[in-house]
Amino acid sequence: MSKLSIDELKAKAKELRTLIIDTTVWAGSGHYGGALSSADILTALYFRFLNIDPANPDWDDRDRFILSKGHSGIGFIPCLHLRGYFPVDELKNFNHFMSPFGMHPDCKKVKGCDASTGSLGHGLPMGVGMALGAKVLKKDFKTVVLLGDGECNEGSNYEAMMAASHYKLTNLIAIVDRNGFMIDGPTETVMGLEPFADKWEAFGWTVYECDGHNMQELCDTLDKAWANDTGKPVAIIAKTVKGKGVSFLEGDVRSHYGAFDSAQAEQAKQDIANM
Amino acid sequence: MAEKTITGTSWNVYDANTMSAREIYGRVMRELAKTNDKIVGVTADLEKSTNIGIFGKDFPDRMFNVGIAEQNLFGVAAGLAKVGLIPFASTFAVFAALRGAEQVRTDICYQNLPVKIIGTHGGISFGQAGSTHHCTEDIAIMKSFPNMTVIVPADGFETGKAVEACLDIPGPVYIRVGRGFEPPFHKDHNFDFEIGKGQLVKDGTDVTIITCGIGVLQSVNAAKELQEVDGISVRVINIHTIKPIDKEIILKAVKETRRIVTVEEHSIIGGLGDSVAAVIAESGKGCAFTKLGLNDEFAVVGYPEDLYAHYKLDSSGIADSIRAIMGKEFEADEDWSDEV
Ligand SMILES: Cc1ncc(C[n+]2csc(CCOP(=O)(O)OP(=O)(O)O)c2C)c(N)n1
């Protein structure tokens, strides 16, 4: 697949957001807030950056992606569909009996998914392992891990951050979906993360901050991360809005998880169309 | 809403027909905290999801949300207990039993601290969430920790009683509840609840089901069906306390019915079934025995009702298993005087 242009990526992200709404309806409920905040990041990765082959999901040399914030499966799994891993019909059974798709992605069942996640704080350690493994195997694939900001409360992340810089994992990219919310409230009210960039820097990472909804800026930042000549692992803190694109969800703590009635789903899709 | 008073504390009795077990937990804890100022709450970004936030709303100075950090959650709870407080620590069962397991074992159980752990979304009650959120190992893990008391209430009414009763236990207690949409077993709060004491909920002579949690209601329904359709007389025991286990009620059932089936929303490895099996084996008495639960497997995805049916934990699945055990052979041993 050729890499999409910025305008094409913007359109694709809209398509993904719309599919997130549909999938939430099919599933009965979902963690739509964090899925919508990650939608542009996922789109940029899957349609421009990740070197992958949907016809050959287990290709050894592919770039690896870990959705450490596994509850955003309702964004990630539709994205894999759009990228061509499986037909849309399979999404209609999301969450239901025997579906390969539950709220949290299971790599044994979801084609294109590199790691099973859902328990927060597991993705970065696994990412360190994959990036280290690439060095052992002398392969030049990248490993990208997408984290939630609330997720960055988990101590395991800091253990992994320490290891990543210790081993100079320049092939590892961590992206934090900095939407400012966790379940119980704003991150800074529940458990303050700031000065957040300083924390990553103190652990030996190169840190870039960008607007996680500005496709141009996002791609420019990912370009730098891909080219990484800093000698350190790269973290991107992507400033985002929880529930982005849906007027009644944006920036609302209640956007974390829930269900849509048909009027809300319609409204949500309208809002996305008007983005 | 009835008022209930127990040795110095009083709390309102909530209706499990209209409230989830989680909600009742938060409310009872809040009531108990009004007269016991040692009670504090700790959670890890699941104030709302576990409903400990109901307490937190009224007692913001005694509620601590440590963020998404379960190891810290149980370490902090241990510290609070060390200085004389009684922490209730709430998260999903899977994160209590697995993520925080070493803190629970080494900080809380080893030092025998009065931390009350309420694990919600236990078993496969959060079926759609998949294996990262299912928890079918917590009973096995928690019961293996010295000093730990393990309780799996049948419903919200029983959860309320367990939350109250756990204050009388000087050490750590683990109470496992579901997601909260399970129908209640008890009609109201008028029943006796004593930690460590099984409850005979239905008498019978042919076979006994020993169960806990959601299994209680389903087993009673299965027993009714078996009586009506097959003429099988089924005894049902609600053994809400897995540890310490009520040996007496188990051995009595072995003696009187000679067929035992355990039903639990848990792996059949290490759970209630294995506790019951050990009691029977140690007694030296023979009986037909079957454990129902999840086999050595991660559960599939789906809404809980579908999963309960799939894993034969609903009344018709249980009834089928009872029919199967009725034909099972066992060696008779008529000399019971030495054991029971
Ligand atoms: C170890 C662990 N603890 C708790 C949870 C429950 N949980 C699911 S999502 C969530 C909040 C996540 O917040 P954040 O990482 O900021 O994600 P976002 O806001 O992007 O959805 C929590 C606490 C979990 N999945 N894993």
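Hi everyone. Let me start with a residue in a loop: B:D45 is found between β3 and α2 (47–50) of chain B. B:D45 is not a glycine, and yet its phi is positive, about 60°. Before I go on, please keep in mind that this is a predicted model. Is B:D45 buried or exposed? With a relative accessibility of 3%, B:D45 counts as buried.

A:K138 sits in the loop between α4 and β2 of chain A. A:K138 is exposed, because its relative accessible area is 74% and the cut-off for exposed is over 50%.

While we are in that loop, have a look at A:D140, which is placed between α4 (123–136) and β2 (143–148) of chain A. A:D140 counts as exposed, at 74% relative accessibility. A:D140 and A:R62 are 78 residues apart in sequence, but their C-alpha atoms are 9.1 Å apart in space.

Now to the ligand. Which chains supply the residues around it? Residues from chains A and B surround the ligand, so the site is shared between chains. There are 23 residues around it, and those that come nearest are A:H71, A:D149, A:F181, A:K242 and B:E70.

The side chain of A:H71 has an N or O atom 2.7 Å from an oxygen atom of the ligand. For A:K242, an N or O atom of the side chain is likewise 2.7 Å from a ligand oxygen. From chain B, the side chain of B:H133 places an N or O atom 3.4 Å from a nitrogen atom of the ligand. How much of the ligand's accessible area does the protein cover? On its own the ligand has 590 Å² of accessible area, and the protein covers 99% of that.

Let's move on to the sheets of chain B. One is an open sheet of seven strands with mixed pairing, in the order β4-β3-β5-β6-β8-β7-β12. At its edges stand β4 (63–65) and β12 (241–243) of chain B, each with a single partner strand, so one side of each has no neighbour in the sheet. On average, neighbouring strands of this sheet are turned by 20° against each other, ignoring direction.

Strand β3 (residues 39–43) of chain B pairs with β5(B) in the parallel sense over five bridges, and B:I39 has B:I86 in β5(B) as its bridge partner. β5(B) also pairs in the parallel sense with strand β6 (residues 116–120) of chain B, again over five bridges. There, B:A89 stands opposite B:I117 in β6(B). Further along, β7 (residues 149–151) and β8 (residues 173–176) of chain B make a parallel pair with three bridges, and B:V150 is partnered by B:Y174 in β8(B).

There is a five-stranded open sheet in chain B too, with the order β9-β11-β10-β13-β14 and mixed pairing. Its edges are β9 (199–202) and β14 (288–294) of chain B; each has a single partner strand, so one side of each is left without a neighbour in the sheet. β9(B) and strand β11 (residues 234–238) of chain B run antiparallel and are joined by three bridges. In β11(B), B:I237 is the bridge partner of B:L200.

Strand β10 (residues 207–211) of chain B contains B:T211. B:T211 is buried, at a relative accessible area of 0%. The side chain of B:T211 reaches the backbone oxygen of B:V263 at 2.7 Å.

Two prolines next. The peptide bond from A:E194 to A:P195 is cis, with omega near 0°, and A:P195 is in the loop between α6 (187–190) and α7 (196–202) of chain A. In chain B, a cis peptide bond joins B:K243 and B:P244, with omega about 0°. B:P244 lies in the loop between β12 and α10 (247–257) of chain B.

Last stop: helix α1 (residues 6–27) of chain A. At 1.5 Å a residue, its 22 residues should span 32 Å, and the end C-alpha atoms are 31 Å apart, which agrees. Just after α1(A), A:G28 takes a positive phi of about 100°.

Technical notes. Residues are numbered from 1 along each chain as its sequence is written. Chains are lettered from A and ligands numbered from 1 in the order in which they are written. This is a predicted model: local features need pLDDT of at least 70, side-chain atom pairs count only at pLDDT 80 or more; totals for chains, interfaces and linings use all residues. Side-chain values use heavy atoms; hydrogens and water are left out. Helices (H or I, at least four residues) and strands (E, at least two) are DSSP runs, numbered from the N terminus. Buried means under 20% relative accessible area, exposed over 50%, partly exposed in between (1.4 Å probe, protein chains only). Two strands pair if DSSP finds at least two bridges between them. Axes are lines fitted to C-alpha atoms, for helices over the stretch in contact, and angles run from 0 to 180 degrees between N-to-C directions. A residue is near a molecule or strand if one of its heavy atoms lies within 4 Å of it. A polar contact is a pair of N or O atoms within 3.5 Å; within protein, one must be able to donate a hydrogen and the other to accept it, and residues adjacent in sequence count only if both atoms are side-chain atoms. Accessible areas come from the Shrake-Rupley method with a 1.4 Å probe; for residues, only the protein chains shown count as cover. The expected span of a helix is 1.5 Å times one less than its number of residues.
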